[in-house]
Amino acid sequence: MDDFRRRLAQGARLLFDGAMGTMLQGRGLSPGHNPEIFCLERPDVLRAVHADYIRAGADVITTSTFGGTRFKLPGGVEAREFNRRMAGEARRAVEECGRRVFVAGSVGPTGKFLRPLGELSFMEMVDAFREQIRGLLEGGVDLVLAETHFDIAEARAVAVAARHEGSPPLGLSMTYEDGRTLTGSTVAVCAATLANLGADLIAVNCGQGPLEMRGAALELLRLSPVPVLIQPNAGLPRLEGGETVFPLEAEEFASLTAEFAREDAHGGAQCLGGCCGTTPAHIAALGEIFRSLPPQRPRPAHAGIALTSRSGMTRIGSGQPLRIIGERINPTGKKRLSAELGDGVFTTALRFADEQAQGGAAALDVNVGAPMIDETLCLPALVEALQTRVALPLSIDSTNMPAVEKALRVYPASPLVNSISGEEGRLEFLGPLCRDFGAPFILLPLRGKKLPVLAKERIAILEGLLERMDALGVPRFLAVVDALVLAASSSPEAGGECLKFISYCAYTLRMPVICGLSNISFGLPARELLNSSFLGLAAGAGMNACIANPSNLRIRETVDSVNLLLGHDPGAESFIRAYAGREAAADIKSAPSPEAKRPLSSYPELAAAVIEGVSEGIEDLVQKALDAGEDPFAIVRETLIPALNVVGERYERKEYFLPQLIRSAQAMQRSFGVLEPLLERASGGTERPVVVMATVEGDIHDIGKNIVSLMLANHGFEVVDLGKDVAAERIVGEALARDASVIGLSALMTTTMVRMRDTVELVDQKGLPQKVMVGGAVVTDEFARSIGAHYAPDAVAAVHLAESLLPETRKKDKRDGKPKR
């Protein structure tokens, strides 16, 4: 088997044999008689046909197993044994010829359609092909050749079956009419999908003679990154005297077919042969011309990744336009969609698919992660429904690995898998799965508990992931790198470091790059403006695609402009078509600055410092108030807390955003640094109400939790921050040890939010009085109530909620203004 791959890699021109049925009919196979039964009954005739093709100069002969699956074989004929015997007869013919000839195990269509076009499941078809391929390998074939397939999903099943049987050399051949397969796949879709599946040889055969096949053959030669096999019929058949006759004689067939070996700058087809109507004479004549040609030069690989559906394709990478992958099929923040998905209803999801397709999306991200939704059932069902609704390729988006596997089984071609990170076991599970199913995937440079901010940190993680991929045999050409965009509101260097990382991936590693765009603007105003600005910068740095809403006008305008300016819109045709009727944009008016409101206070400068988030010098302002004889409790009650309330009100009105909230809280914290010793002495050590805060087990995101902790501390609570990825047992244990009144839980992902239930149940089991409040980007009030918790949508609301959850005695202590740090 390695010998066949080596010969291909060396550029050897390999001549395949011709028709089997034509030859058997000429040697006693009567009309209507099953050819498989005939070959079992007359193995001598079968060996003679093989021998004739070997004498004609064939380098590869093909087993008589085209109909060798359990679905086509007559009753009483066991598939594995039949294929073993047929392969054995071909091997015997080779051994008798005295020269090196390869044996290809023929695998034809089952005659059945996969769901949703038919009733057969993907794995049922894979199992049937595995049974056939196992028999072929036991009989001694050198390669598996799937012939005359008309559904890309079925060819994909052959490839998956071959992977499961030891990954023998694999040829995958489709048949076309008017440039498409029977189920609507173009040559481009088939070439990209079959290459993703790891085919050693991509082919076109049957249905047409060399003249009629020319269009599909040349398209395949233009697009295939691996060696090509072309096997035409001996012309278009016609009926003469009640018999089917193929009109092309050997010399004419050879002359026309040999042209495919000369057709492009890379030497044309590396392998040629014949299909229906061809005989050893046709193969001998073809060999006379074919063998005189020089070895095949390596075929060029396409940059980037190719995503396909049955009838659509999208390339993402260098030299391609900037692409948008539609993000809207995601239940986060969409109550109606979430409810429908939970009920197994896809009305809204399908509408979102239609709208995004019309809005210019190149592919659609599909995420069903929400509370009370079984992703292993919902995700494959929705993927199956979408593939009959839209032609766009899909992105299977889930952290639930079994759900991803089930979705891959129902998808007909090459989807995108979103995503594979350095999380323990994830690459080891999903990497080989994506390889076997021919699915490109997003490679996320994330490992362990820490989010890498600096470009050099991401590069180190990425290089490690690529090395692990190599060790697992997962090809790099399937990977697109996630730029890992972080929020500029919490990490000022996030944008610049991300751009450095994008450039490294694009220009050093020569890998395509994608990003989830909206993260950059999290917690900031004018999010669309920031998103579109960063998108332009990222595209200039080498990014190839983003996951965003294609209906967003500003994003759409940025993509169209970038594609024009980077040379991906020849003649500006697309841009002119989209914007020719547009009037000059009105002058952009600057919004008036918010009125600088000040709380009524005897110390307006101190109040203003908190409201404006000015930490520098705030200790001096506090000291100035103390030097004037002000009571420290009065400073807290009458100046600092009212100022912080103004900040909270502005945040709730969307006048302030996350950065202002953080700055004000930090300024408040520094003011407490001066007041704390005085407050503690004056209060006699009275303790403040305690809140235990944690990000739940399995989740490494803590920005939101940190902000809530800061706000709580500034509003008179003692906060015990346990950090991130914290088990329920530790959370409850600390709450008991600290006599906490409230437990606060945070989660960012749908897969980890369910761990909040662990803490609530443990509190209930122990009969504890602590109240549990929850929050995070994916958490909803409905989810909180379903687990017996209280919901806070943001940091300001969390403060109000925590205050409402306190026992009355501790509410009184807090009202008395006796904070202790």
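In which sense do strand β23 and strand β24 pair, and over how many bridges? Strand β23 (residues 742–746) and strand β24 (residues 771–775) pair in the parallel sense over five bridges, where two strands count as paired if DSSP finds at least two bridges between them.

## Basis of the model

This is a predicted model, in which local features need pLDDT of at least 70 and side-chain atom pairs count only at pLDDT 80 or more, whereas totals for chains, interfaces and linings use all residues. Residues are numbered from 1 along each chain as its sequence is written, and side-chain values use heavy atoms, with hydrogens and water left out. Helices (H or I, at least four residues) and strands (E, at least two) are DSSP runs, numbered from the N terminus.

## The open sheet and its helices

The strands β23 and β24 belong to an open sheet of five strands with parallel pairing, in the order β22-β21-β23-β24-β25. The edges are held by β22 (718–721) and β25 (790–791), each of which has a single partner strand, so one side of each is left without a neighbour in the sheet. Within the pairing of the strands, L745 stands opposite V774 in β24.

Helix α29 (residues 756–765) lies across β23 and β24 and runs at about 160 degrees to β23; axes are lines fitted to C-alpha atoms, for helices over the stretch in contact, and angles run from 0 to 180 degrees between N-to-C directions. Helix α31 (residues 795–805) also packs on the sheet, touching β23, β24 and β25, and its direction makes about 170 degrees with that of β24. Contact here means heavy atoms within 4.5 Å.

## The closed barrel

A closed barrel of eight strands runs β13-β14-β15-β16-β17-β18-β19-β20, again with parallel pairing. On average, and with direction ignored, neighbouring strands of this sheet are turned by 30 degrees against each other. Strand β17 (residues 441–443) pairs with β16 in the parallel sense over two bridges, and V417 stands opposite F441 in β17. Strand β16 (residues 416–420) contains S419, which a cis peptide bond joins to N418, with omega of about 10 degrees.

## Helix packing

The axes of α14 and helix α15 (residues 401–410) come within 8 Å and cross at roughly 25 degrees. That makes α14 roughly parallel to α15, on a scale where angles under 35 degrees count as roughly parallel, over 145 as roughly antiparallel, 65 to 115 as roughly perpendicular and the rest as oblique. The crossing of α14 past α15 is right-handed; a crossing is right-handed if the near helix is turned clockwise from the far one by less than a right angle, and left-handed if anticlockwise. The contact is made by E375, T376, L379, P380, V383, E384 and Q387 of α14 together with P402, A403, V404, K406, A407 and V410 of α15. By class, this contact of α14 with α15 has eight nonpolar, two polar and three charged residues, with Ala, Val, Leu, Ile, Met, Phe, Trp, Tyr, Cys and Pro counted as nonpolar, Asp, Glu, Lys and Arg as charged, and the others, Gly among them, as polar.

Helix α17 (residues 455–472) and helix α18 (residues 494–508) pack at an angle of about 40 degrees, with their axes 8 Å apart, and that makes α17 oblique to α18. The contact involves A455, R458, I459, L462 and E463 of α17 and A494, E497, C498, K500, F501, Y504 and C505 of α18, which divide into eight nonpolar, no polar and four charged residues. For α7 and helix α16 (residues 426–437), the packing angle is about 130 degrees and the axes are 8 Å apart; these two helices are therefore oblique to each other. Here R156, V160, R163 and H164 in α7 meet R435, D436 and F437 in α16.

## An aromatic pair and local geometry

The structure holds four aromatic pairs, where rings of Phe, Tyr and Trp (its six-membered ring) pair if their centres lie within 6.5 Å, and planes under 30 degrees apart count as stacked, over 60 as edge-to-face and the rest as tilted. The rings of F113 and F150 have their centres 6.0 Å apart and their planes at 75 degrees, so the pair is edge-to-face. This pair links distant parts of the chain, 37 residues apart, with F113 in the loop between β3 (102–107) and α6 (122–139) and F150 in the loop between β4 (143–149) and α7 (152–164).

The loop between β3 and α6 also holds P116, joined to R115 by a cis peptide bond with omega of about 5 degrees. In the loop between β14 (363–366) and α14 (375–387) lies M372, whose phi is near 65 degrees, a positive value in a residue other than glycine.
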